[in-house]
Amino acid sequence: MYNYMRALEDRFAPRPNRKQRRKLEAKRQEVSALLDKEGKKKLLRLVDAHTMAQEEIALNSFVAGFRLAWGIAMELEADGSYSYQQEWEQLNRLKHNQEGVEHDG
């Protein structure tokens, strides 16, 4: 299931801002320049771990939102009480009634 969710997330989730990514990379390089070889390795491991954690959080959030939407859709379908056509007609009647009140007043 997670492979399918990841594919959906890749298709529909917003992508990070390129300008922001460039700024982050510039800051990483700035800090890296101050470190010795071992410090640079640790910094890269930290950045990699942080990126992986962000990706996992994003995927879990996407899955949770998808499951919520799916549950709502199933409730609406099972209940049978929701109809887009009925909602549209009701909104039009309400709008028409409000326009009539404004013209009468």
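Colleague: Why does Ala 73 count as partly exposed?

Modeller: In this predicted model, Ala 73 has a relative accessibility of 36%. Buried would need under 20% and exposed over 50%, so at 36% Ala 73 counts as partly exposed. Ala 73 sits in helix H3, which covers residues 37-79.

Colleague: How do you know that the span of H3 agrees with its number of residues?

Modeller: H3 has 43 residues, and at 1.5 Å a residue these should span 63 Å. The end C-alpha atoms are 63 Å apart, so the two values agree.

Colleague: Which residues of H3 are buried?

Modeller: Gly 39, Leu 43, Leu 59 and Val 63. To be on that list, a residue needs a relative accessible area under 20%.

Colleague: What makes Glu 56 partly exposed?

Modeller: Glu 56, also found in H3, has a relative accessible area of 41%. The value falls between the 20% and 50% cut-offs, so Glu 56 is called partly exposed. From Glu 56 to Gly 80 there are 24 residues in sequence and 36 Å in space, C-alpha to C-alpha. Gly 80 is what follows H3, and its phi is positive, near 70 degrees.

Colleague: On to H2. Why do you say that it lies largely in the open?

Modeller: Of its 16 residues, the number buried is one, so H2 lies largely in the open.

Colleague: What makes the contact of Arg 28 with Glu 25 a salt bridge?

Modeller: The N to O distance between their side chains is 2.6 Å. The rule asks for a side-chain nitrogen of Lys or Arg within 4 Å of a carboxyl oxygen of Asp or Glu, so the pair qualifies as a salt bridge. Arg 28 and Glu 25 are three residues apart in helix H2, so about one helical turn separates them. Glu 25 is partly exposed, at 31% relative accessibility.

Colleague: How does the pair of Glu 30 and Lys 27 count as a salt bridge?

Modeller: Their closest N and O atoms are 3.9 Å apart, and the limit is 4 Å, so this pair counts as a salt bridge as well. Both residues lie in H2, three residues apart, again about one turn of the helix. By the rule, the count comes to two salt bridges.

Colleague: Are Lys 27 and Glu 30 exposed or partly exposed?

Modeller: Lys 27 has a relative accessible area of 51%, and exposed means over 50%, so Lys 27 is exposed. Glu 30 is at 49%, so it counts as partly exposed.

Colleague: Which residues form the positive surface patch?

Modeller: Arg 18, Lys 19, Arg 21, Arg 22 and Lys 23. Take Arg 21, which lies in H2: its relative accessible area is 54%, so it is exposed.

Key:
Residues numbered from 1 in each chain as written. Predicted model: local features only at pLDDT ≥ 70, side-chain atom pairs only at ≥ 80, totals over all residues. Heavy atoms only, no water. Helix = DSSP H or I, 4+ residues; strand = E, 2+ residues; numbered from the N terminus. Buried < 20%, exposed > 50% of the residue type's maximum accessible area, 1.4 Å probe, protein only. Patch = residues over 30% accessible without salt bridge, like charges linked within 9 Å, V, L, I, M, F, W, Y side chains within 5 Å. Areas by Shrake-Rupley, 256 points an atom, 1.4 Å probe, with all protein chains shown as cover. Lys, Arg positive; Asp, Glu negative; His and termini not counted. Charge placed at Lys NZ, Arg CZ, Asp CG, Glu CD. Expected span 1.5 Å × (residues − 1).
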